[in-house]
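Hi everyone, thanks for coming.

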Amino acid sequence: MDELYNKQLQEKLLAIYKTLLTMGARKEDAEDIVQETAIQFIQYIDGISPNDASAWLYKVAIHKYYDLIKKSKSQQKYIISFQLDDLLEHSTPEIVVIQQELQQEIIAQLATLSDKEAQLILLKYSADLSLKDIATLFNTTDKTVKTQLARAKSKLKLRLQEVYNGGKINF
């Protein structure tokens, strides 16, 4: 592999690592999954289209994470962490407190969505995947993903509006 391709692969693996952490994977588990995914990618690189490489990497890593969850004895639902700090600027202590409260509420409300709905939101807005890449992950079309994502966003928005000011918050 040439140097540019190697750098792009490293960047994509780092993004996958962050996504796994966001989905609730422990640091050590995320590192192991990313390493296994990279090895598997190198083994099968000849059979993977360059256009589908990103989606393939995400799909393999997420499936490995699901396998890990299934193997786990505890049936504890994994917690989705969402880094709202990455989206907002800090300017005053009051804003920091409000952001922390909002982040906790978003995490709580994401946990009330179905696993697929939460995954769609995280893959689109946290991992910044395209609709096409997400569709490849879920073996569906990008139109279906767009519809499901819109419904998941609407459901999350409604739940957040119910919590804040009896539906008067504007997202």
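Let's start with Glu 36, which is partly exposed at 42% relative accessibility; here buried means under 20% relative accessible area, exposed over 50%, and partly exposed in between, with a 1.4 Å probe and protein chains only. Before I go on, a word on the source: this is a predicted model, where local features need pLDDT of at least 70, side-chain atom pairs count only at pLDDT 80 or more, and totals for chains, interfaces and linings use all residues. Residues are numbered from 1 along each chain as its sequence is written, and side-chain values use heavy atoms, with hydrogens and water left out.

So, what does Glu 36 pair with in a salt bridge? Its partner is Lys 64, at 3.9 Å from N to O. By salt bridge I mean a side-chain nitrogen of Lys or Arg within 4 Å of a carboxyl oxygen of Asp or Glu. This pair links distant parts of the chain, 28 residues apart: Glu 36 sits in helix H2 (residues 27–43) and Lys 64 in helix H3 (residues 53–71). Helices are DSSP runs (H or I, at least four residues), numbered from the N terminus. Lys 64 is partly exposed too, with a relative accessible area of 22%.

How many salt bridges does the structure hold? Five. Another of them joins Asp 29 and Arg 26, with the closest N and O atoms 3.2 Å apart. Asp 29 is buried at 17%, while Arg 26 is exposed at 51%.

Now for Lys 155 and Glu 117, a salt bridge with its closest N and O atoms 2.8 Å apart. Lys 155 belongs to helix H7 (residues 142–163) and Glu 117 to helix H5 (residues 115–126), so this pair ties together parts 38 residues apart in sequence. Lys 155 is partly exposed at 32%, and Glu 117 is buried at 14%.

The axes of H5 and H7 come within 9 Å and cross at roughly 100°; axes are lines fitted to C-alpha atoms, for helices over the stretch in contact, and angles run from 0 to 180 degrees between N-to-C directions. That makes H5 and H7 roughly perpendicular, a label for angles of 65 to 115 degrees. Contact means heavy atoms within 4.5 Å, and the residues making it include Glu 117 and Leu 120 of H5 and Leu 149 and Lys 155 of H7.

Notes
Helix = DSSP H or I, 4+ residues; strand = E, 2+ residues; numbered from the N terminus. Parallel < 35°, antiparallel > 145°, perpendicular 65-115°, else oblique.
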